[in-house]
Amino acid sequence: MSLADDRTLEALDFAAVRARVVSETRTQRGRAYALALTPDFDFEAVRREQQRTEAVRGLMAGSDFRVMPAIETSALTGAAQLGQTLTAADLRSIGDALAAAAAAHRAAHEHADLAGVVAGYTPLRELSRPLVDAIDERGFVLDRASPALGRIRRSLIQAQAEARDRLGSILSSTKHAQAIQERLVTIRNGRFVIPIKAEFAGTLPSIVHDTSSSGQTLFVEPIAALEANNRVRTLQIDEEREVQQILEAFSREVGSRAAAIEANVELLARVDLLAAKAELARRSNAVMPELSDAAVLTIERGGHPLLGEQAVPQSLDVDEATRLLVVSGPNMGGKTVALKLAGLFVVMAYCGIQLPAARSRVGRFERVIADIGDEQSLVANASSFSAHLKRLGEMLERADDRTLVIVDEIGGGTEPGAGAALAIAMLERLLERGARAIVSTHAVELKLFAHAMSGATNASVRFDPATFEPTFELDLGTPGQSLTFPLALRLGVDPQIVERAGALLERRELDYETALSELAQRNAELRAERTRLEKERRDVSRHVEALLRERGELDDERRRFAARAEERLQQSLRDFARELQRRASEREAGPRKAKITPSQAALLGETIEAMRRDLGIHRSDESEPGQESFLPGDRVRVVSLNQDGTVAEDWGERLLVSVGSMKMTVERNDVRREGGVARRPQRGAARADVRLAAAQRSAAELDVRGKRYAEAEPLVERWIDDAMLAGNSPLRLIHGKGTGMLGRGLQEYLRGHVGVKSLRYGTEEEGSTGVTLIELRT
């Protein structure tokens, strides 16, 4: 059973589409399959074929894969099975076909959608490789075909050289100079000969092999060269015999592997057909249609496949809600093109061919029937109208809810009123049976029927309302105008005749045409407005994207500026603290701790905050949302120890907490606030205190005696950092003598610190090995 009969395929011009697929094939068997291409009736097979076409298109787009040319091999393998010896050219063609099949299998075998296509492949490298190596593209058996052939040909070349030399010596001899017609060694009957004058035939002992057309020249083989020529001929016979043996051996191998060869060539032909469809899709910018189990046809901006770049995109929709589409409008507007486009898209999809549209959806149809064009038959004594009625009768007899009916000028060819009435009755029957139909008409009655009938929709071919030139676009939901009178005027008909015709037209029809004209004008205005709004929307979108890019660039620049400004502020703060320390050190004797007064810290903090606000700089080191902050003096409970303590310093992830007479470092998440919160200074001063806390804490001496290294190391780290910020140097670290492990460990740590310039144990007066003196980098 077929999806579409021959008359439908002919009406849709499917043969022209098929010819384009044929032109893209590379193998003879693939070409034969393309010539026989028809829409498949099995919807699941259609789905598989579409997926395979898409898979091969992906292979061709993502690699250098192309199907290599190959001949039809079935006759050759059949002859080889019967024991016939194939020619060298035929054997080489079989080798090329096997190589092409191997290449197709390598490209496709890992793709899931192509597994069924290449499943029957049999590796035949042991046959194809020797064939290609032994015989060149011209069908000449090469020396490497067998060791014996190579030896024979080398001997033959040597023997031919000897024969030429022997004849050359005769040509150069003065004894026979008068007899020589031309100093030339040539070949006659496979033997080397020389040309002599006919009148000197008896002067040179020789055998005549040929004469010139004039009879003045004899081509003779001198007796002196007879032995050399005999050797050449003997080797030539040996060569022919060896070549024949090689061809017989290859032919026997081909005959024994005939079934596998044919299976591989079959695989190649199937891939070739898919590749032809894929290449056609690439050239026409086609896409794989969506396949639906419902009886639907949706086309969005689809172009007729035979019009190429000249095709005007069309859109239409036939589904359960719109089972009948009635296309109307003047001739030359594109009604027939729209009908053929719809039918071709379904037929092409069922052939596994992709569709040239922005998007398409093709449903499960079991029958597509088309009646397009004039089918008048003088032989059958049938008029156009009779042929039309007969075809409509076939449609009505076979139509069901899985049928797509396409009719051009339904009810035409007879008296308009009767034809329209008959068409309406037939369309009612199609709707009753659930069929999908797309028809064209000029009849007003059919336009009114489509407007009133549930499940039916009008459509029209669009004309420019000012010039009445066709745009070849389809408008859904609007019946078409006849434009009889405007077109007559544009084509030069006498205006008085047109005016008289208008007067003769019934008032009802005139009002109808006037209303349609006004509707067409309004639709044109709305389309123009929609086009303008879409353009404005695109322009606005581009402007918004540009503004967002500029905003992003400005934000990036602001962040970079803020980072540079913050770095400058921090450097200024360190310089300020260092200057305070220096001045305090000059006023006070000894390494006593110099402090910045709270009023100085508050004033400096307020100044820095004002600078940040003016520059738009946000603090980057503030506590994250939800993270509790601690200040020195806050009462806390260390959960793991179940002990109360007081915060000495906040080091970020860890806190230095005083518990009784001891100080220890604990994780922040191991601490819970207990009791009141230490008094916080005002916001500006608080931020300044945080920045200047290091300067206030900085001291020239730190005592870590009695602590383990794990406890002392973070204290020393923070002490060094504070001292660098405050500009304190040199420093005195008291770690005691004891076993010396604490001092050595801390010195090892300090040697790797980037801020430490040098360090040493103290002298006897300075505390000996119980003290380390440190000089920081300035």
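**View 1. Contacts of Glu-72 in a predicted model.** Setting aside neighbours within four places in sequence, Glu-72 is in contact with Gln-28, Arg-29 and Glu-262. The model shown here is predicted. Glu-72 sits in the loop between α4 (43-62) and α5 (74-81). Its side chain makes a polar contact of 3.0 Å with the side chain of Ser-74. The C-alpha atoms of Glu-72 and Ile-94 are 8.8 Å apart. Along the chain, Glu-72 and Ile-94 are separated by 22 residues. Is Glu-72 buried, exposed or partly exposed? Glu-72 has a relative accessible area of 26%, so this residue is partly exposed.

**View 2. Helix α2 against helix α3.** Two packed helices are described by the angle between their axes and the distance between the axes. Helix α2 covers residues 14-23, and helix α3 covers residues 28-35. Their axes come within 9 Å. The crossing angle is roughly 170°. Angles over 145 degrees count as roughly antiparallel, and α2 and α3 are therefore roughly antiparallel to each other. Which residues make the contact? From α2 come Arg-18, Val-21 and Val-22. From α3 come Arg-31, Ala-34 and Leu-35. By class, the contact of α2 with α3 has four nonpolar residues, two charged residues and no polar ones.

**View 3. Helix α13 beside helix α14.** Helix α13 spans residues 384-398, and helix α14 spans residues 416-432. The two axes come within 11 Å and cross at roughly 20°. Angles under 35 degrees count as roughly parallel, so α13 is roughly parallel to α14. The crossing of α13 and α14 is left-handed. On the α13 side, the contact is made by Phe-385, Leu-389, Leu-392 and Leu-396. On the α14 side, Leu-422, Met-426, Arg-429 and Leu-430 take part. How do these residues divide by class? The contact of α13 with α14 has seven nonpolar residues, one charged residue and no polar ones.

**View 4. Gln-160 in helix α9.** Helix α9 runs over residues 147-172 and includes Gln-160. Is Gln-160 buried or exposed? Gln-160 has a relative accessibility of 18%, so this residue counts as buried. The cut-off for buried is under 20% relative accessible area. Leaving aside neighbours within four places in sequence, Gln-160 is in contact with Phe-192, Val-232 and Gln-236.

Notes: Residues are numbered from 1 along each chain as its sequence is written. This is a predicted model: local features need pLDDT of at least 70, side-chain atom pairs count only at pLDDT 80 or more; totals for chains, interfaces and linings use all residues. Side-chain values use heavy atoms; hydrogens and water are left out. Axes are lines fitted to C-alpha atoms, for helices over the stretch in contact, and angles run from 0 to 180 degrees between N-to-C directions. Helices (H or I, at least four residues) and strands (E, at least two) are DSSP runs, numbered from the N terminus. Angles under 35 degrees count as roughly parallel, over 145 as roughly antiparallel, 65 to 115 as roughly perpendicular and the rest as oblique. A crossing is left-handed if the near helix is turned anticlockwise from the far one by less than a right angle, and right-handed if clockwise. Contact means heavy atoms within 4.5 Å. Ala, Val, Leu, Ile, Met, Phe, Trp, Tyr, Cys and Pro count as nonpolar, Asp, Glu, Lys and Arg as charged, and the others, Gly among them, as polar. Buried means under 20% relative accessible area, exposed over 50%, partly exposed in between (1.4 Å probe, protein chains only). A polar contact is a pair of N or O atoms within 3.5 Å; within protein, one must be able to donate a hydrogen and the other to accept it, and residues adjacent in sequence count only if both atoms are side-chain atoms.
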